[in-house]
Amino acid sequence: MTIDADHDHAPDLDEGLKALVHPVRRAILAKLAEPERYFAGQEPPLSFGVCAGAIERSCPLSQSSISAHLAALHAAGLVETRRVGTFVFYRRNDGAIDALIRGLAKSLDRPEPTP
């Protein structure tokens, strides 16, 4: 499920959890939470998101592995993409991440965590 247009729409719980199982995907999301810290100096500006190439350079895996991880995060709706020419930029979808956390809490019949 892609959630590019609706920031607060909850991703599919199973798809979202499956995307978060892999530690590399969690690390990518953590870095995207602070793009100024991890991807400073990127051209064009970080307001576009983080270029896929910059994400690939920040991880000790092959380009194809990182692309697969980014695709899984996008399919789960946890990142949004923006294409500019031949470049793809990624940004965390914090609304979807928050909705996923709320959905997990609800599925476990637990009160929602307070921010």
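A residue counts as buried when its relative accessible area is under 20%. I kept that cut-off at hand for these entries, all made on a predicted model.

**Entry 1: glycine 49**

I started with glycine 49, which sits in the loop between helix H3 (35-38) and strand E1 (50-51). Is glycine 49 buried or exposed? Its relative accessibility comes to 3%, so glycine 49 counts as buried.

**Entry 2: the whole chain**

Next I stepped back to the overall layout. I found 6 helices and 3 strands in the protein chain. Reading from the N terminus, I noted the order α-α-α-β-α-α-β-β-α. The chain has 115 residues, and 37% of them count as buried.

**Entry 3: helix H2 and lysine 31**

I then went through helix H2, which covers residues 23-33. Which residues of H2 are buried? My list reads Val24, Arg25, Ile28, Leu29, Lys31 and Leu32. Looking down the axis of H2, I see these buried residues fall within an arc of 160 degrees, so they line one face of the helix.

Lysine 31, a member of helix H2, got a look of its own. Why does lysine 31 count as buried? Its relative accessible area is 18%, and the cut-off is under 20%. For a distance in space I took valine 50: lysine 31 and valine 50 are 19 residues apart in sequence, with 9.8 Å from C-alpha to C-alpha.

**Entry 4: isoleucine 55**

Where does isoleucine 55 lie? I located it in helix H4, residues 52-57. Isoleucine 55 has a relative accessible area of 1%, so it is buried. Tyrosine 38 is 17 residues from isoleucine 55 in sequence, and their C-alpha atoms are 9.0 Å apart in space.

**Entry 5: valine 88**

Over to a strand this time. Valine 88 belongs to strand E3, residues 87-92. With a relative accessible area of 17%, valine 88 is buried too.

**Entry 6: helices H1 and H6**

How do the axes of H1 and H6 cross? I took helix H1 (residues 13-20) and helix H6 (residues 94-107), whose axes come within 10 Å and cross at roughly 110 degrees. That angle makes H1 roughly perpendicular to H6, because 65 to 115 degrees is the range for that label. For the handedness I wrote down a left-handed crossing of H1 past H6.

**Entry 7: rings**

Last, I turned to the aromatic side chains. How many aromatic pairs does the structure hold? I have 1 in my notes. I also checked for a charge over a ring, and found arginine 82 over the face of phenylalanine 48, at 4.2 Å from the ring centre.

How values were computed:
Residues are numbered from 1 along each chain as its sequence is written. This is a predicted model: local features need pLDDT of at least 70, side-chain atom pairs count only at pLDDT 80 or more; totals for chains, interfaces and linings use all residues. Side-chain values use heavy atoms; hydrogens and water are left out. Buried means under 20% relative accessible area, exposed over 50%, partly exposed in between (1.4 Å probe, protein chains only). Helices (H or I, at least four residues) and strands (E, at least two) are DSSP runs, numbered from the N terminus. The arc is that of the directions from the helix axis to the C-beta atoms. Rings of Phe, Tyr and Trp (its six-membered ring) pair if their centres lie within 6.5 Å; planes under 30 degrees apart count as stacked, over 60 as edge-to-face and the rest as tilted. A charge sits over a ring if NZ of Lys or CZ of Arg is within 6 Å of the ring centre and within 35 degrees of the ring normal. Axes are lines fitted to C-alpha atoms, for helices over the stretch in contact, and angles run from 0 to 180 degrees between N-to-C directions. Angles under 35 degrees count as roughly parallel, over 145 as roughly antiparallel, 65 to 115 as roughly perpendicular and the rest as oblique. A crossing is left-handed if the near helix is turned anticlockwise from the far one by less than a right angle, and right-handed if clockwise.
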